[in-house]
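This briefing is for a reader meeting the structure for the first time. Please look over the sequence and the model before going on to the points below.

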Amino acid sequence: MWRRSETLLSHAPKLRAKRAVRVVDLLLSDDCVSASRAAKAAGLSDRAARRLFDRLVAVGAIRELTGRANFRLYGL
C-alpha cells in the first residue's frame, strides 16, 4: 500500500484534470472510492472522474477492487 501511495503522489502533478488533487486526497484518506463519489467531492463530471481513475489504474497508482463492469470501487 505504501508503494502505491508513493506512485499515486508521483503521478499527481502529471494529471490533467483540474481538480485531480481533491481526488488524490480522497483516495489517500479512504479505503475505497467510487468514481461517482469522487466526482461529487471534486466537482468533476462522472465521465471525467471515470477517465481519471482509468488513467490511474493504467499507470499502476491505484487498482480496481470489485472486478465488475459497473459500480466499480477503486483503492490503493
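Leu-44 counts as buried because its relative accessibility is 18%, and the cut-off for buried is under 20%. This residue sits in the loop that links α3 and α4. The model is a predicted one.

**Around Leu-44**
- Leaving out residues up to four places away in sequence, Leu-44 touches Arg-19, Val-23, Ala-39, Ala-49 and Leu-52.
- Leu-44 and Val-23 are 21 residues apart along the chain, and 9.5 Å separates their C-alpha atoms.
- Val-23 is also one of the residues with the most contacts inside the largest nonpolar core.

**Overall layout**
- The protein chain contains four helices and three strands.
- In sequence order, these elements follow the pattern α-α-β-α-α-β-β.
- Of the 76 residues in the protein chain, 33% are buried.
- Taking contacts between residues at least 6 apart in sequence, 44% join residues at least 24 apart.

**The nonpolar core**
- The largest nonpolar core is made up of 18 residues.
- Those with the most contacts inside this core are Val-23, Leu-27, Phe-53 and Ile-62.
- At least two residues of the core come from each of α2 (20-29), α3 (35-42) and α4 (46-59).
- In soluble globular proteins, nonpolar side chains tend to be buried together.

**How α2 meets α3**
- The axes of α2 and α3 come within 9 Å of each other and cross at roughly 125 degrees.
- The two helices, α2 and α3, are therefore oblique to each other.
- The crossing in which α2 passes α3 is right-handed.
- On the α2 side, the contact is made by Arg-22, Val-23 and Leu-26, and on the α3 side by Arg-37, Ala-38, Ala-41 and Ala-42.

**How α3 meets α4**
- The axes of α3 and α4 are 8 Å apart, and the helices pack at an angle of about 115 degrees.
- The crossing of α3 and α4 is right-handed.
- Ala-35, Ser-36, Ala-38 and Ala-39 of α3 make this contact with Asp-46, Ala-49, Arg-50 and Phe-53 of α4.

**The salt bridge**
- There is one salt bridge in the structure.
- The salt bridge joins the side chains of Arg-37 and Asp-30, at 2.5 Å from N to O.
- Arg-37 counts as partly exposed because its relative accessibility is 39%.
- Asp-30 also counts as partly exposed, with a relative accessibility of 24%.
- Side chains of opposite charge can pair when their charged atoms come close.

- Ser-34 belongs to strand β1, which covers residues 33-34.
- Ser-34 counts as buried because its relative accessibility is 17%.
- Apart from neighbours within four places in sequence, Ser-34 is in contact with Phe-53, Arg-72 and Leu-73.
- Leu-56 is a residue of helix α4.
- With a relative accessibility of 0%, Leu-56 counts as buried.
- The C-alpha atoms of Leu-56 and Tyr-74 are 9.8 Å apart, and the two residues are separated by 18 residues along the chain.

Conventions
Residues numbered from 1 in each chain as written. Predicted model: local features only at pLDDT ≥ 70, side-chain atom pairs only at ≥ 80, totals over all residues. Heavy atoms only, no water. Buried < 20%, exposed > 50% of the residue type's maximum accessible area, 1.4 Å probe, protein only. Contact = heavy atoms within 4.5 Å. Core = buried A, V, L, I, M, F, W, Y, C linked by side-chain atoms within 4.5 Å. Salt bridge = Lys/Arg side-chain N within 4 Å of Asp/Glu carboxyl O. Axes fitted to C-alpha atoms, helices over the stretch in contact; angles between N-to-C directions. Parallel < 35°, antiparallel > 145°, perpendicular 65-115°, else oblique. Left-handed = near helix turned anticlockwise from the far one by under 90°.
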